[in-house]
Amino acid sequence: MPSTRKLLLDAIASLDAGSPPNVCDDTLDEIFSSCAIDDDDTAAPGNESCAAGITPLMIACDKSITSALNYLRHQIQHRSTKQVSVWWGNVTDKSSESGNCAAHHALAANFQIGLDVLEYYAFNSTPLSPYSNDLQKYMSLLAQPNDNGDTPIMMACVSGHVDILRHILKRSYHLALTANNDSDIGTTLKHTWRSLNELFEIRNEDGCSALSLACGHGHVDILRLLIHTHSVCENEGTMELNFSPIDDISETEPKESDAVHEWMPLVTVNYDDVRRCQSTIDNLEYGLKMMKRNNAATSKQEEFQQQHRNTLECLEMLKCELDRIAAKTANLLLTQHEGKQDQSRSDKKPNIKASTKKKRQQKQNEKHRIDSATTENMTHSERPRNGWCIEPKTGSDVNLVPSTATCPFITLHDGRVISKSQSPEDVTSNFEGSMEKLISVNPAPKTLESILQSNSRYDDNAATIMESLCLDTYMLLLSSHGMAMEMSPCQLDAIELILTKQLNASKEARKIQSRLLGSNNE
């Protein structure tokens, strides 16, 4: 004797979407009244009599038989879920041929009532019970993959059913309100958006997402739904989703008392989506050429041409969205940079100026102290206007002025000042034959490269140049993109010279360390 599931499968297959409710009820009542419940309780869900793992639930969703699913809802209310799953199959059952479940068939057929019955069935069955709240159960129902990794959401995007996608967004939002009844509207929107974003970002085995599949089939309205920012109107505790763009809400005309909240785009466009859309356009153009060459039917060519036009429109929308994202990111980076630069100027520049001014003042004080100490030991007639004493020559080319113990310098007859540690003979030998170098001329201005290539450990001029070019130390650690965004060409030249010098210094340091370590080992 055939099982109840086999009889139910054949009965539903004989019905259609327009079958009157009384005809469906009579047919199904006859099946359930003629079969013993106890016998069916032990039947396996994957009964061999059901070809390819197809269940009555899948057939009812695929054929959009509303009366059959209403009958199922009534049974769920009055029967145990175990008995219902034996007869109809579970929401998680998959066919053996493609791995599609009942939700795949419902969304591919744009069957909203079927999706609602599946939701009701899922919330009262055990396969989805581990999830903590109804929103998570709803998302898991719509995220079930088939053998190719396609989800029910992808089926709706491929088929172009934007109405059932809007129904899913609204239903998800209301489930989030129920799960977060103590939270404000902003928190609820974030929870809903996060769950839906994860759902729409799933990719199948071919690497396609719901967005790329919708673009590949030329469904402009679905693309607009996914990438545009929408609004949620709050009026006296009643929430209403508005699926027009946030900057164009003239269709709903919210009242002044309404609070309008922003719903971010469900997906983020990337270059992979643009590449896949362009690849689809290339394939369509090649297919059109082959159709014209083979004299294919006119209706088929027109269908391909329409899909080609729609896909081109999708490609333009994707590029515009990428431009918008790039402009928004650039403005954000510039704003952050201006804030950091203002903070850096207020924090670092006063310290640099104060340090430079302090060093300059110390040098002036030291010079004044040396001048005072030198002229104190001179008579009034010996004191020149410039404060230095020049003795007449007495048989020697160089005569030194006696100085006090506190003065570390001595003055030569030509007005030069040398350190006490130098001998007159060294100075004289260096002085001979170099009179041309003593001629007072304006020295050539130092270039940035000559300053940075100096051998001193620390160069005050380098700090001055960094200050004049508004260079901060953190700029040395920026990435290539960060340098391009934040630095001028002059700043890049300075950074390149600094880093080149330091790189050469590090190489030389390694050689020195190698020699030191080698000598220590010996």
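## Salt bridges

Asp10 and Lys6 form a side-chain salt bridge, at 3.6 Å from N to O; the term covers a side-chain nitrogen of Lys or Arg within 4 Å of a carboxyl oxygen of Asp or Glu. The two residues are four apart in helix H1 (residues 4–14), so about one helical turn separates them. Helices (H or I, at least four residues) and strands (E, at least two) are DSSP runs, numbered from the N terminus. Asp10 is partly exposed at 38% relative accessibility, and Lys6 is partly exposed at 25%. Buried stands for under 20% relative accessible area, exposed for over 50%, and partly exposed for values in between (1.4 Å probe, protein chains only).

The structure holds eight salt bridges. Another joins the side chains of Asp272 and Arg203 (3.6 Å, N to O). This pair links distant parts of the chain, 69 residues apart: Asp272 is in helix H15 (residues 271–293), and Arg203 is in the loop between helix H12 (185–200) and helix H13 (210–216). Asp272 also meets Arg276 in a salt bridge (2.9 Å, N to O); both lie in helix H15, four residues apart. Arg203, Asp272, Asp273, Arg275 and Arg276 are linked in a network of salt bridges.

## Model and confidence

The model is predicted: local features need pLDDT of at least 70, and side-chain atom pairs count only at pLDDT 80 or more, while totals for chains, interfaces and linings use all residues. Residues are numbered from 1 along each chain as its sequence is written, and side-chain values use heavy atoms, leaving out hydrogens and water.

The average pLDDT of the protein chain is 75, and 63% of the residues score at least 70; pLDDT is the predictor's confidence in each residue, from 0 to 100. In residues 37–49 the pLDDT is below 50, and this stretch has 17 contacts beyond near neighbours in sequence. Residues 379–406 are also below 50, with 49 such contacts. A contact is heavy atoms within 4.5 Å.

## Nonpolar cores

The protein chain has 21 helices and five strands, and 38% of its 522 residues are buried. The largest nonpolar core has 84 residues, of which Leu28, Trp88, Ile153 and Phe200 touch the most other members. Such a core is a set of buried Ala, Val, Leu, Ile, Met, Phe, Trp, Tyr and Cys residues joined through side-chain atoms within 4.5 Å. Beyond four places in sequence, the contacts of Leu28 are Leu8, Ala11, Ile12, Ala68, Tyr71 and Trp88. A second, separate core of six residues includes Leu471, Met483, Met487 and Ile495.
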